[in-house]
Amino acid sequence: MAKIGVLFNLILLVLNLLPIPSFDGARVLAGIAPRQVAEVLDRLEPYGFIILLLLLVTNVLNGFIGGAVGALYKILLSLFVH
């Protein structure tokens, strides 16, 4: 149960940090990017959920999310399991 809970939370972490409008990753990117990029992200924000669904349905995010979650999981295992 703990392993599933950790994996679920890692997936949510990676998804939330993606630079897709309406997620925190887009807000961080808008904060450090030039003004023109931030304005584009602001205009795309109402469509963030649709963009996410399209990326998930077309399996564009599959490799990225799986790789990032796997790497983070290995780091956590190395820190807490001897």
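Predicted model: local features only at pLDDT ≥ 70, side-chain atom pairs only at ≥ 80, totals over all residues.
The secondary structure of the chain consists of five helices and zero strands. In sequence order the pattern is α-α-α-α-α. The radius of gyration is 15 Å, well over the 12 Å that the globule rule gives for 82 residues, so the chain is more spread out than a compact globule. The C-alpha trace spans about 50 × 30 × 20 Å along its principal axes.

Of its 82 residues, 22% count as buried. The chain exposes about 6,100 Å². Carbon and sulfur atoms supply 72% of that area. Among contacts with a separation of 6 or more, 58% are accounted for by residues 24 or more positions apart.

The largest nonpolar core has 11 residues in all. Leu-10, Val-14 and Leu-15 belong to this core, as do Leu-18, Ile-20 and Phe-23. Leu-52, Leu-61, Ile-65, Val-69 and Tyr-73 make up the rest. Helix α1 (2-16) and helix α5 (62-80) each supply at least two residues of the core.

Phe-23 is one of the core residues. Neighbours within four places in sequence aside, Phe-23 is in contact with Leu-15, Leu-18 and Leu-52, which are also listed in the core. Asn-16 is a further contact of Phe-23.

Asn-16 itself is found in helix α1. Its relative accessibility is 30%, so Asn-16 counts as partly exposed. Not counting residues up to four places away in sequence, Asn-16 touches Phe-23, Asp-24 and Gly-25. The C-alpha atoms of Asn-16 and Ala-26 are 9.0 Å apart in space, with the two residues 10 apart in sequence.

Val-6 also lies in helix α1. At 33% relative accessibility, Val-6 is classed as partly exposed. Its contacts, leaving aside neighbours within four places in sequence, are Tyr-73 and Leu-76. Of these two, Tyr-73 is a member of the largest nonpolar core. Val-6 and Leu-76 are 70 residues apart in sequence, yet their C-alpha atoms are 9.4 Å apart in space.

Two loop residues have positive phi values. Ser-22 lies in the loop between α1 and α2 (24-32). Its phi is near 85°, a positive value in a residue other than glycine. Ser-22 has a relative accessible area of 33% and is therefore partly exposed. Asn-59 is found in the loop between α4 (48-57) and α5. Phi of Asn-59 is near 60°, again positive in a residue other than glycine. With a relative accessible area of 52%, Asn-59 is exposed, because the cut-off for that class is over 50%.

Technical notes: Residues numbered from 1 in each chain as written. Heavy atoms only, no water. Core = buried A, V, L, I, M, F, W, Y, C linked by side-chain atoms within 4.5 Å. Buried < 20%, exposed > 50% of the residue type's maximum accessible area, 1.4 Å probe, protein only. Helix = DSSP H or I, 4+ residues; strand = E, 2+ residues; numbered from the N terminus. Contact = heavy atoms within 4.5 Å. Rg over C-alpha atoms; globule rule 2.2 N^0.38 Å. Areas by Shrake-Rupley, 256 points an atom, 1.4 Å probe, with all protein chains shown as cover.
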